[in-house]
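Biologist: I'd like to learn how to read a structure like this one. Can you take me through it feature by feature?

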Amino acid sequence: MERIYKYYPGDFGELTVKVLHMDLVFNIHDDFTRVGSRMKIRVLDRPIASLDLNARGLEIEEVAASSGEVTYNYDRDSAILRLKFARPLPPGTECELHTVTTCRPSRNVLEGLYYDRTPPGAPPTQITQCQQWGFQRLLPCIDDMTAKCTYRTTLEADRRYTTLISNGDQAGPRKSGGDGRDSVTYENMLTPMAPYLFFVGAGTYATFSRECEYPDGHTFSLELLVPPGSDPVVARHALDVMNDAIIWVYLFTGPEMYRDLSARMRMWDLCAERDRSKDGTGKAGDLPGIRKELADLAAGITPGYAYTGAVYREIGMQNSDFGGMENVGNTTIAMNRIMPYPQMTDSSFEYMVTVKVHEFYHNLNGSEVTGKSPFEIWLNEAVTVVMELKNHAFLFGEDYVRLQTVLTLLSPTGGTFALDQGAAAMPIEPDGFNDPNELITGVTYVKAPEFVRMIETLMGKEEFARGLALYHRRYRHSNASRTQWVEAMEEISGQEFAGMAEAWLKKTGFPRVSVIPGYDEDSRTFSMEITQESSQGDDTVFSFPFRFALVDREGKDIAERTVRIEGRATRVTIPDVDRAAFLSLNRGYSYYGLVDYDPGIDALYLQVRKDPDLVNRYVAFSRITEQEMIRMLSEPGALPDRRFTDLFFELISDDELMRKAGGLFLTIFDSVEDPRWSHRYRDLWHARRAIIRAVAQTYEGPMKKIYREYSRPAPGDRYLSRQIRGIRDRQVKNVALAVLATLDTPEVRRIIMDQYDHPAGATDRSMAMGLYLDSSAPDRMEFLQRAGEEAAASPVSFEVFLATAAGNSSPDAVKIVKAAEALPEFRLEQADHQRALFGRFAMNRKVSLETPEGREYLAGSLLRLAKVNEYSTVMALQALSTIDGMDPGYLAPVAKILADLLASTDPGHTPSVYNTTRRLLRGSPKALAAYEAEHGPVQGLK
C-alpha cells in the first residue's frame with residue numbers, strides 16, 4: 001500500500017513500560033538548554049532487552065540506567081534513542097533511566113523550546129509547546145499520550161528573568177546562586193500528566209493575580225502573565241473573566257448540572273457579590289453571611305470539576321500555532337487574545353471569553369482523562385468545545401451562540417461544510433496524518449463537537465451529563481479510547497451509538513436530507529418521507545437526530561418531534577393535526593448536514609418572519625438571498641427584487657431580533673449551492689453587492705438613522721454584560737454602515753472615515769478600514785499607509801490591520817496586500833502575522849485564485865511560508881480544496897500553484913505540506929488534467 005500519510009494507527013502500539021515519574025533539571029541559557037532527566041519506569045508484562053525513546057534534534061551527552069550497564073544508539077533521522085540493556089529487564093522491574101542532553105530553541109519551529117517575543121533589555125523569552133510531540137524536542141522520553149506520569153521539574157536560568165515556571169505547584173522559594181542565576185522547583189504530583197501537556201517558560205512578564213474562591217470556601221490563586229507595562233485595569237478584567245469561567249464550570253457542569261438550577265443561579269450571583277465585597281469594587285456586604293449562604297447551598301448540590309492546584313496561571317504567548325493550549329495549571333493563550341485590550345475586535349473578545357473556559361475545562365477532559373493517541377485528539381477537544389459553547393450560551397444567549405455556530409458551518413471561506421467536502425478533507429478520525437497539527441482543524445473543533453451534540457440530543461441533556469460524568473470517573477488519571485467514551489454513553493442511555501460513531505468519525509462529508517411532506521385532509525394526518533444521501537456521493541448511511549415542527553401562519557407550533565434517522569429512507573406520520581403553513585426542519589441544526597427542500601418563495605418569506613426557531617428563520621433568510629443571487633447571476637442586468645430589500649430593512653429594524661441575534665442574522669455570504677455558480681467568486685461578490693446596494697438606494701435615510709441609533713454606548717452596570725450588549729449593537733451598526741458603503745458617495749465615505757477616526761472599539765475601526773479600502777476614494781493607498789503606521793503601535797491592532805488588508809475587494813487588492821507585507825513591523829516567522837495576511841488572502845479567492853496577480857502572490861507566499869511554518873501553510877492550502885468546481889479557464893493556472901509547491905517541498909522536511917499538496921492535486925482530477933495537458937505530468941505525484 002502506498003503511504004499517503006506519514007503515520008497510521010498501526011504505528012501506535014501498546015507501551016512495554018509504564019512511566020511512573022520524571023525528575024527534570026532544565027539549565028536554561030540564551031541559545032541552548034541542558035536537560036538532566038531521571039525517568040522512573042516499570043516493565044509491564046514481558047521482559048525487555050531494549051527500549052526506544054523519542055529524541056528529536058537533541059545532542060546526547062550521557063545515558064545511564066539504574067539496572068546496570070546500558071548502551072545506546074541515536075538515529076537522528078528517525079528521532080529515536082535506542083537503549084540496550086546488558087541483561088533483559090523482567091516484568092515488574094522498576095528502573096531509573098538517566099540522560100543528559102542539550103536542546104536548542106528555534107525561532108520558527110513552534111514546537112519544543114522556542115523564542116517568544118522578548119521585552120527590550122530582557123534576556124530572551126523562551127517557552128515550550130509540546131502539543132503533540134514537542135516533549136521529545138526537549139529530552140529523550142516516551143512521547144506518547146499514554147505515558148502519563150508525575151513530574152518534579154527544576155529550572156535554572158538568568159536571574160533577570162522575572163518568571164521561571166513549569167507544571168504543578170512551586171516547591172519552596174526561588175533561590176539565587178552566586179553566578180547571577182536562579183533556580184526554582186515545581187512539583188506536579190497529584191494528577192499524572194501526558195507528555196504533550198508539559199510546559200517550561202523563562203521570560204519577563206508583568207504578573208497580575210487574584211484569589212478564586214469556590215462556594216464551599218476552598219481558595220486558590222489565579223495568575224495572569226502578560227507583557228510588562230500592561231494596563232492593570234485590563235488585566236483585572238481578564239482575571240475576572242477567568243474567575244467566572246472557573247466558577248461556571250463548578251456550578252453548571254457535572255453529573256447533575258441541570259438539577260437545582262435556581263440554587264446554582266443564586267450561587268452564581270452570590271459569588272459575584274462576595275467578590276465585589278472582597279475587592280472593594282461593589283457595596284460592602286456581609287461577607288460572613290454571604291459565605292454561609294454559599295456554603296449551605298453548595299452542600300445541597302453536586303458540583304462540577306474543582307481545581308486541585310494552588311495556582312492556576314494563564315501565560316501570554318505572542319508566537320504560536322494555536323490560540324490556546326492547556327498545560328495542567330499553566331495555560332498558554334495567544335497574547336493578542338488573553339486580555340480584553342482596547343485594540344481587540346469583538347470577535348476576539350468573544351474568543352478571549354471562550355478560550356478561558358475551554359482551556360480550564362481541559363484540566364478534566366484532556367488532562368485527568370486523556371485520549372489514547374493523536375487519532376483521538378477529537379475526543380479531548382469535542383467534549384470540551386461542547387462545554388465551552390454551553391458557557392458561551394450562558395453568557396451571550398442560546399440563540400446567538402447557536403446561530404454563530406451555524407454560520408461557521410455554512411461559511412464559504414473556511415466553513416466546516418466546505419472543508420469537509422474539499423479535496424483535502426479528512427474525517428474526524430482520519431486513516432493517517434503527517435503531523436499531529438493536521439488534526440487541529442474545523443473538523444476537530446466544529447464537526448466533532450456537532451457529533452457529540454447529536455449524541456446529547458438523542459440521549460437528552462440530563463442523561464448526557466451523567467454519561468459524561470461516568471466517563472470522567474471511570475477513566476480518571478488514565479487514558480480512554482473512542483470506544484470507551486461511546487460505551488459510557490450507551491451504558492447510561494440504553495441506546496446504541498457504536499455504529500453511529502463509526503460512520504460519523506471515519507467518513508468525510510455529511511448527510512443531505514430530502515423531504516417530501518404530505519397531508520391527508522380527511523384523517524388530519526401529516527406524513528413526511530425523509531431520504532438521506534451522503535454529500536460525498538458514496539453509500540454511507542448516517543444515524544442522526546432530526547428535529548422538526550409543523551407551524552401555523554401565526555408562528556405557533558402545531559406539533560414538534562425529534563426522530564432518530566437510521567436508514568436511507570424514513571417515514572414519519574403525525575395524526576390528528578391541522579395543516580401547517582410551513583415546516584421548520586432540522587430545528588436548531590439538530591444534525592450536522594443540509595436539508596434539500598423547497599417550500600416555495602412565499603413559505604420562505606413567511607418562515608423568516610414567523611418561525612419560533614431562530615436558526616431556521618436565518619436558514620429561510622439565507623435561502624431567499626441565495627435565490628435572489630442566482631436570479632441576478634442568471635439574468636445580467638436584472639434589478640434586485642423590491643420584496644427582498646423590504647424584508648432586509650424589516651429585519652434590521654426589528655429591535656427584538658437584533659437584540660437577540662445581533663447583526664449575525666443579516667449575514668449574506670458570497671456563495672450559493674448551485675454548482676453552476678458556486679465557484680464563480682467574483683461574480684458572486686458582485687451579485688451580493690448589487691443586492692445590498694439596492695437596500696441602500698431604497699432605504700438610505702432610514703439606514704443612516706439605524707446606524708446612529710446603534711452607535712450609542714451600551715447600557716449596563718456589569719462589565720461583561722455591557723460588553724456583550726455592545727457587541728450586538730456594533731454588529732447591527734456595522735451592517736448598516738456596510739449597506740450604506742455600497743453607495744460609495746463622498747458623504748458615506750466621510751461617515752466611514754469618521755468612524756475610523758472616532759471608533760467605539762477596534763471592530764468599528766477595522767470595519768471602517770475595510771470599507772474605505774473597498775471604496776473608490778482616490779487616497780486609499782495613502783490611507784493604508786497611515787492605518788498601518790497607527791496599527792503598528794500594538795501587536796493586537798497590527799494583526800487586525802493585516803487581516804483587513806488581506807481581505808480587501810478593491811481592484812488594487814494585491815497592491816494593498818503587498819504594501820501591508822512591506823511594513824517593517826511584519827514578521828514572516830510570526831504565526832499570527834502568517835494567519836492574518838497569508839491565510840486571509842488565500843481565502844479571498846476572487847483575488848487569490850481568479851486574478852493572475854493574485855495567483856502569483858499566493859504561489860510565492862506559499863513557497864516562502866512552507867519553509868517557515870507548515871501548519872500555517874496547510875491552513876492556507878484549504879483555499880484550493882475545491883478548485884475542480886471553478887470555470888475551465890482557471891483550472892490549469894490554479895493547479896500550477898500546487899504543482900510548483902509540490903516540486904519545491906521536501907517530503908522529509910515538510911511532510912504535511914508535501915502530502916497535503918499531493919492530496920489536493922489527486923482530489924482535483926479536472927484541474928490536474930488541465931495542468932498536465934499544458935505542462936506534462938506532475939513530478940512526485942505518481
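Predicted model: local features only at pLDDT ≥ 70, side-chain atom pairs only at ≥ 80, totals over all residues.

Biologist: Which way do β18 and β20 run relative to each other, parallel or antiparallel, and over how many bridges?

Modeller: They pair in the parallel sense, over five bridges. On to the other partner of β18: strand β17 (residues 219-226) is joined to strand β18 (residues 311-317) by five bridges, and these two run parallel. For a residue pair there, look at E223, which stands opposite R313 in β18.

Biologist: And how does β19 join β20?

Modeller: Through two bridges, with the strands running antiparallel. G324 has I333 in β20 as its bridge partner. The hairpin of β19 and β20 has four residues between the strands, and V328 takes a positive phi near 55° in that hairpin.

Biologist: So what is the strand order of the whole sheet?

Modeller: Read it as β16-β17-β18-β20-β19: five strands in an open sheet with mixed pairing. The edges are β16 (206-213) and β19 (324-325); each has a single partner strand, so one side of each is left without a neighbour in the sheet.

Biologist: What lies across β16, β17 and β18?

Modeller: That's helix α1 (residues 232-252), which runs at about 35° to β16.

Biologist: How do I read burial for a strand? Take β20: how many of its residues are buried?

Modeller: A residue counts as buried when its relative accessible area is under 20%. In β20 (residues 330-334), five of the five residues are buried, so the strand is largely enclosed by the rest of the structure.

Biologist: What about a loop residue? Is S320 buried or exposed?

Modeller: S320 sits in the loop between β18 and β19, and with a relative accessible area of 3% it is buried. Its side chain reaches the backbone nitrogen of F322 at 3.0 Å. Setting aside residues up to four places away in sequence, S320 touches L110, Y114, Q129, A831 and R835.

Biologist: Is G422 buried or exposed?

Modeller: G422 is buried too, at a relative accessible area of 8%. You'll find it in the loop between α7 (416-421) and α8 (442-459). Apart from neighbours within four places in sequence, G422 is in contact with S881 and T882. Sequence distance and distance in space are separate questions here: G422 and L920 are 498 residues apart in sequence, yet 8.3 Å apart in space, C-alpha to C-alpha.

Biologist: Now the other sheet. What is the order in the open sheet of four strands?

Modeller: The order is β8-β9-β15-β11, and the pairing is antiparallel. Here β8 (112-115) and β11 (163-166) stand at the edges with a single partner strand each, so one side of each has no neighbour in the sheet. From one strand to the next, the twist averages 20°. Inside the sheet, β9 (residues 126-129) and β15 (residues 200-203) pair in the antiparallel sense over two bridges, and Q126 stands opposite A202 in β15.

Biologist: How should I read a helix? Which residues of α17 are buried?

Modeller: In α17 (residues 700-709), the buried ones are M703, K704, I706 and Y707. Look down the axis of α17: the buried residues fall within an arc of 160°, so they line one face of the helix. They pack against α14 (642-652), α16 (681-698), α18 (719-741) and α19 (746-757).

Biologist: Last one: which residues have the most contacts inside the largest nonpolar core?

Modeller: F451, W485, F546, F621, F648 and F665, in a core of 239 residues. Helix α1 gives the most to this core, with 14 residues. As for W485, among the residues it touches beyond four places in sequence are L379, V383, F451 and Y471. There is also a second, separate core of 62 residues, which includes I41, A157, M317 and M325.

Terms used. Residues numbered from 1 in each chain as written. Heavy atoms only, no water. Pairing = 2+ DSSP bridges. Contact = heavy atoms within 4.5 Å. Axes fitted to C-alpha atoms, helices over the stretch in contact; angles between N-to-C directions. Buried < 20%, exposed > 50% of the residue type's maximum accessible area, 1.4 Å probe, protein only. Polar contact = N/O pair within 3.5 Å; in protein donor to acceptor, adjacent residues only side chain to side chain. Core = buried A, V, L, I, M, F, W, Y, C linked by side-chain atoms within 4.5 Å. Arc of directions from axis to C-beta.
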